[in-house]
Amino acid sequence: MKKIVAALAALAICAAALVAPALAQDKKYTIALIPGLTTDGFYITMRKGAQAAADALGVTLVFQGAPDFNPVTQVPVLDAVIAKKPDAILIAPTDKVQLVEPLRKAHDAGIPVITVDTFIGSGVYQTGAGEADFPLSYIASDNILGGEIAARALAKAIGDKGKVYVSNVKPGISTTDQREEGFKKEMAANHPGITVLETQFNDNDANKAASQLQAVFARNPDLVGVFGANLFSALGAANGVQQAGQTGTVKVVAFDAPTSIVDNINTGLVDVAIAQHPAEIGYFGVVSAYAHLTGQSIPVAIGTGFTIMDKANIADPNISKYLYSE
């Protein structure tokens, strides 16, 4: 129900904002989008959605980010953007704690902040409590739900029994933390025949994820599945499965869906991919920022959906349209 309400709210914003230019609105707004990193298909697709909204609204969109997902490289980009004084900032924070104070600089400078894909603090904003509730809105996939969907998909693939584990990046990244949380929650609640082993953290290194898979398999030769909480984790683990000679036996569920995932699915390297809808995140981000700048209220949270991809449906245009740009 929350997702339905959020979607309806977002559509209401769209309708209101799109008619606003017809009113006496002469100011040309500039909205900055700072992605988690600039080279990933997810954020490239998000940029396209944001640009579509900007074009429709007569807004100037500035896209500026770092080449890697790291607060050390993202903060200087954020500081440079703040210095240019855009009318609003959309950002995918690379750490939910380390980006709080850097983003507060934008807030203190009078620049509205909306987080997209990832969040700071708890991700619950505008409550008047805590040090990280100042962003106006959080626009993203429901990552706990995404983890639950991944768990159900993996459970189905392995016949609802056996040992599995989560290949994750590192603690402290809001999205992947929540995907792991949702995965474990679903498994514990509804899949008693499945044992979830200790999570392996790979620091976003696919080679490390591959080595970890082989180490887990050596300790647990009855391993039957792995959930990669992001794409590097999934592909690294999948390569580990292949190197262990267990392709087809150890099932791999990947989160995210660049165009390269098609070959991964068709060759059996990956069994299932959970695609987010990043273009919607970018689109709603720009529309929400514009709505706020033109005096309209916006929801504090907007959720976007998922599409499940596997070998049976990956060729369907209604499914493949959710592949990310590269």
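# A tour from pocket to cavity

Start at the second largest pocket: 24 residues line it, and L37, D40, Y43, N230 and D256 lie nearest its centre. Helix α2, α6 (174–190) and α8 (231–243) are the elements that each give two or more residues to this lining. A pocket here is an open set of points on a 1 Å grid over the protein atoms alone, with protein on both sides within 12 Å along at least five of seven lines; lining residues have an atom within 4 Å of a point.

The model is predicted: local features need pLDDT of at least 70, side-chain atom pairs count only at pLDDT 80 or more, and totals for chains, interfaces and linings use all residues. Residues are numbered from 1 along each chain as its sequence is written, and side-chain values use heavy atoms, with hydrogens and water left out.

Stay on the pocket. The space in it is about 410 Å³, a volume being the space filled by probe spheres set on grid points joined across faces, edges and corners. Colour the lining by class: 11 residues are nonpolar, 8 polar and 5 charged. Nonpolar covers Ala, Val, Leu, Ile, Met, Phe, Trp, Tyr, Cys and Pro; charged covers Asp, Glu, Lys and Arg; the others, Gly among them, are polar. Now colour by domain. The pocket lies between domain 1 (30–141 + 277–305) and domain 2 (143–275 + 313–318), because both give residues to its lining. These bounds come from an automatic or database domain assignment.

Helix α2 runs over residues 41–57. Helices (H or I, at least four residues) and strands (E, at least two) are DSSP runs, numbered from the N terminus. The end C-alpha atoms of α2 are 24 Å apart, which agrees with the 24 Å that its 17 residues should span at 1.5 Å a residue. The expected span is 1.5 Å times one less than the number of residues. At the start of α2, a side-chain oxygen of D40 comes within 2.8 Å of the backbone nitrogen of F42. Among the buried residues of α2 are F42, Y43, M46 and L57. Buried means under 20% relative accessible area, exposed over 50%, partly exposed in between (1.4 Å probe, protein chains only). After the helix comes G58, with a positive phi near 70 degrees.

Helix α5 (residues 143–157) reaches 21 Å from its first C-alpha to its last, close to the 21 Å expected. At its start, a side-chain oxygen of D142 comes within 3.3 Å of the backbone nitrogen of I144. Buried residues of α5 include N143, E148, I149 and L154. Just after α5, G159 has a positive phi of about 70 degrees. Go on to D160, in the loop between α5 and β6 (162–168). D160 is not a glycine, yet its phi is positive, near 65 degrees. D160 counts as partly exposed because its relative accessibility is 33%.

N204 sits in the loop between β8 (200–201) and α7 (206–219). Its phi is positive, about 65 degrees, although N204 is not a glycine.

Helix α10 (residues 278–293) has 16 residues and reaches 23 Å, close to the 22 Å expected. Its buried residues include P278, I281, F284 and Y290. Just after α10, G295 has a positive phi of about 85 degrees.

**Last stop: the cavity.** A cavity is a set of points where a 1.4 Å probe fits but cannot get out. Searching the whole structure gives 1 cavity of 30 Å³ or more. Select V241, T247, G248, V250, V252, G268, L269 and D271 to show the lining of the largest cavity.

How values were computed: A polar contact is a pair of N or O atoms within 3.5 Å; within protein, one must be able to donate a hydrogen and the other to accept it, and residues adjacent in sequence count only if both atoms are side-chain atoms.
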